[in-house]
Amino acid sequence: MNSPPGVTRATLVKDLRLEWRSKDAINSMLFFALLVVVIFSFSFDPTAEESRRIAGGLVWVAFLFAAVVALNQTWARELRNQVLDAYRVSPARANSLFLAKVTGNFIFVSVLEALMTPLFVVFYNLRAIGPAYQLLFVAVLGTWALVVNGTFFAAMSIRTRSREIMLPLLLFPITIPALLAMVEATSSILTGEFSARFWIVLLAVYDVVFTTGCLLFFEIVLHGE
Amino acid sequence: MTDSPIIAVNGLVKQFGRFAALRGVTASFEAGRLYAILGDNGAGKTTLLRVLAGLTPATRGSIAVLGATNLREVCAHLGYMAHPSLLYDEMSGMENLRYFARLYGIQDDARCQAVIRSVNLDPSLALPVGQYSQGMRQRMSLARALLNDPRILLLDEPFSNVDVRSAREMAGLLGQLRDSGKTILVVTHQAALLREVADEFVWMEAGQIVSRTREFQPEEAK
Amino acid sequence: MTYLFAAYVATWVIHIAYLGHLARGYARLNREIEELNRKR
Amino acid sequence: MKRAFPIFAILTAGLLSYGLYGALIQAPTEQTMGDVQRIFYYHVPSAWTAFCLFFVNLVASIVYLVRRSPKVDALALASAEVGVVFCTVVLVTGPIWARPVWGIWWTWDLRLTLTLVLWLIYVSYLMLRRFSSSGQTPVMAAVLAALGALDVPLVYFSIWFFRTQHPQPVIGGGGSIDPRMLHVLLMNWLAFMCFAALVCWSRYRLEILRRQVEETQALESLLAGGSSR
């Protein structure tokens with residue numbers, strides 16, 4: 001009757017339309033990421049050879065912080081007028097909602113990355129010495145890792161008293177291995193010193209494990225109370 | 001419909017930390033009737049409705065709706081209208097309903113339009129719901145609850161901040177819905193509006209049902 | 001030797017601090033139980 | 001059960017003092033590290049105890065998700081909290097050992113980092129328990145515990161590979177251990193496990209009691225409110 005892909009598509013379209021009308025998430029996220037880039041380039045002299053080594057870390061930390069801004073927004077929208085309750089009383093599957101939200105966030109964060117990467121390249125004069133095409137894998141897998149966990153923990157943290165603060169507190173410890181993998185893979189490719197293969201595989205495993213885990217538990221979180 | 005109650009709750013307790021909103025509610029509601037649930041603020045009316053809608057699990061006690069104890073199984077037959085509108089402010093009424101229809105597996109626009117017309121609104125109105133008047137918003141909210149043609153309607157304060165004329169109109173509509181065989185539970189402060197249409201008045205106080213009367217008795221019941 | 005001493009002291013300071021926290025919890029609870037009994 | 005508590009407490013105190021005696025006097029002094037090595041008798045058993053407690057927490061969380069029994073949830077809370085305390089001990093004594101032996105306070109050593117990440121996950125677990133509204137706390141916390149457990153092997157592999165890429169100070173490990181040292185180590189582990197069980201039990205009872213009081217208060221407050229109206 002109500003096919004899960006149909007619900008997912010409808011929710012995704014609805015989210016994109018809402019975002020297109022308000023542009024809340026994407027604007028605040030973009031500006032925030034811009035600020036982070038500028039502040040980082042003050043803090044670490046971008047021309048120094050040493051800073052190129054840490055550029056991978058800077059890029060991902062900037063994206064992580066910016067993604068948190070967007071992730072908090074996704075569920076805030078559902079809380080206004082308690083629209084989430086309307087979803088919860090309907091027979092639609094919880095996982096359809098989760099997948100729609102993850103896909104939506106994946107699109108937002110990818111747009112952000114596409115816009116911010118040129119800035120980093122310019123500021124830090126980046127040039128990949130290793131195989132540059134691997135960066136694409138790292139970006140896709142890394143973004144998915146951030147977004148899957150982020151969406152899940154954002155759904156968890158909206159149920160707590162101090163919503164906005166709770167998300168990073170839950171998200172960051174669990175994301176440590178993924179973040180380490182993203183940073184190390186990016187640095188390996190940029191410097192060309194090591195092979196990034198292990199890290200890409202690790203990221204892929206992380207994605208599979210946590211996508212499965214989140215899908216398994218999301219219904220409990222959504223209908224928990 | 002059978003004679004067995006469509007909703008039966010037994011010893012329902014709902015505790016929020018150091019506060020109990022429901023303190024042992026036992027009641028049954030029969031099919032095809034309109035119940036008005038009355039009481040002061042904090043008497044537990046809204047919590048009871050949320051528990052019945054499957055939004056809040058009870059701390060203790062048992063519930064059976066349409067014979068099912070797992071409310072997820074019967075949620076397709078429930079319509080729930082909350083105090084907040086449960087609508088997206090940025091979208092028009094039709095866009096809202098089209099989205100919620102998908103959640104119930106309803107694909108055609110005709111159903112959405114029919115529901116909007118049944119609450120006396122214009123389906124072609126492009127105004128986002130956020131700019132509706134309170135009365136329009138409540139009616140659109142009712143339309144959302146009616147979308148899946150539910151057998152049981154749970155309505156939380158449908159008349160709040162609605163002008164008298166629209167409120168009367170809505171009360172009349174509820175009577176028609178009841179006559180078409182739906183079971184309706186209405187939580188409200190304005191019991192007088194339902195004087196004509198309600199079959200039974202259920203008074204709650206401090207998390208318990210204190211009395212049930214067929215006739216509307218404004219002061220005596222308190 | 002100073003390091004050894006520091007480590008052992010630190011261990012017990014942490015444990016005793018937690019035990020103190022627990023004891024405070026019990027004390028508060030007992031107070032609340034007494035209050036409840038008085039109300040009855 | 002109630003009478004067993006003081007007996008068990010005395011037994012634990014005895015074991016702890018015996019462990020302390022063993023660690024400071026009985027055990028032979030290590031050749032290269034000297035007396036500082038004796039931190040080892042507290043550091044390692046604490047780590048093992050912490051891991052055991054986290055394991056108890058994981059099992060309790062999974063059981064809670066299946067059975068939804070509030071008592072299991074109280075056990076999960078107790079084990080997580082006491083586990084964090086023991087983990088803190090590990091993280092504090094670790095650098096105190098590392099400083100004189102390796103000349104640095106901290107290194108991104110596999111075991112050290114894993115412990116740190118576990119500590120972070122469980123602190124966030126406790127934070128979640130603290131900040132979420134009462135009704136849903138146990139479910140959310142149990143889900144977080146399960147996801148945290150999924151994270152551990154991934155953390156392990158990432159740090160393991162991270163270490164092979166970056167040069168590290170060589171850590172004296174492996175090799176055979178003096179049987180007398182091993183005896184003291186195991187003795188201390190037993191003592192700490194007993195101590196942990198004791199503390200965990202008190203915390204568990206505190207939680208159960210707290211919930212009972214809360215429930216009574218909830219019902220009483222409404223009674224009072226009802227009659228005044």
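What follows is a conversation in which each term is set against its definition.

Colleague: What kind of model is this, and how are its parts numbered and lettered?

Modeller: It is a predicted model in which local features need pLDDT of at least 70, side-chain atom pairs count only at pLDDT 80 or more, and totals for chains, interfaces and linings use all residues. Residues are numbered from 1 along each chain as its sequence is written, chains are lettered from A and ligands numbered from 1 in the order in which they are written, and side-chain values use heavy atoms, with hydrogens and water left out.

Colleague: Which chains have the most contacts between them?

Modeller: Contact means heavy atoms within 4.5 Å, and among the five pairs of chains that touch, the most contacts are between chains A and D. Chain A and chain C, on the other hand, do not touch, and their nearest C-alpha atoms are 22 Å apart.

Colleague: What makes up the contact between chain A and chain D?

Modeller: Chain A brings 32 residues to the contact and chain D brings 33 residues. The size of an interface is often given as the accessible area lost when the parts come together. Here the buried area (the accessible area, with a 1.4 Å probe, that two parts lose on being put together, summed over both) is about 2900 Å², and carbon and sulfur atoms give 78% of it. Between chain A and chain D the count of salt bridges is zero, a salt bridge being a side-chain nitrogen of Lys or Arg within 4 Å of a carboxyl oxygen of Asp or Glu.

Colleague: Which elements of chain A give two or more residues to the side that touches chain D?

Modeller: They are α6 (134-157), α7 (163-191) and α8 (197-222) of chain A, where helices are DSSP runs of H or I with at least four residues, strands are runs of E with at least two, and both are numbered from the N terminus. Of these, α8(A) gives the most, with twelve residues. By class, this side of chain A has 23 nonpolar, five polar and four charged residues, where Ala, Val, Leu, Ile, Met, Phe, Trp, Tyr, Cys and Pro count as nonpolar, Asp, Glu, Lys and Arg as charged, and the others, Gly among them, as polar.

Colleague: Why is Leu170(A) called buried?

Modeller: Buried means under 20% relative accessible area, exposed over 50%, and partly exposed in between, with a 1.4 Å probe and protein chains only. Leu170(A) has 0% relative accessibility and therefore counts as buried. Leu170(A) is found in helix α7 of chain A, and, leaving aside neighbours within four places in sequence, its contacts are Phe153(A), Met156(A), Ser157(A), Ser124(D), Leu128(D) and Leu144(D).

Colleague: What makes chain B as compact as a globular protein of its length?

Modeller: Chain B comes to six helices and nine strands. Its radius of gyration is 17 Å, close to the 17 Å that the globule rule gives for 222 residues, so chain B is as compact as a globular protein of that length. The radius is taken over C-alpha atoms, and the rule is 2.2 Å times the number of residues to the power 0.38. Of the 222 residues of chain B, 56% count as buried.

Colleague: How do you know that Arg50(B) and Asp85(A) form a salt bridge?

Modeller: The closest N and O atoms of Arg50(B) and Asp85(A) are 2.9 Å apart, and the limit is 4 Å. The pair crosses between chains, from helix α1 (residues 45-52) of chain B to helix α4 (residues 83-89) of chain A, and both residues are buried.

Colleague: What makes Arg139(B) and Glu169(B) a salt bridge, and is each of them buried or partly exposed?

Modeller: Their side chains meet at 3.8 Å, N to O, which is set against the limit of 4 Å. Arg139(B) lies in helix α5 (residues 134-146) of chain B and Glu169(B) in helix α6 (residues 164-179) of chain B, so the pair ties together parts that are 30 residues apart in sequence. Arg139(B) has a relative accessible area of 14% and is therefore buried, whereas Glu169(B), at 32%, counts as partly exposed.

Colleague: How many helices and strands does chain C have?

Modeller: Chain C has one helix and zero strands, and its C-alpha atoms fill a box of roughly 60 × 5 × 5 Å along the principal axes. Buried residues make up 35% of its 40 residues.
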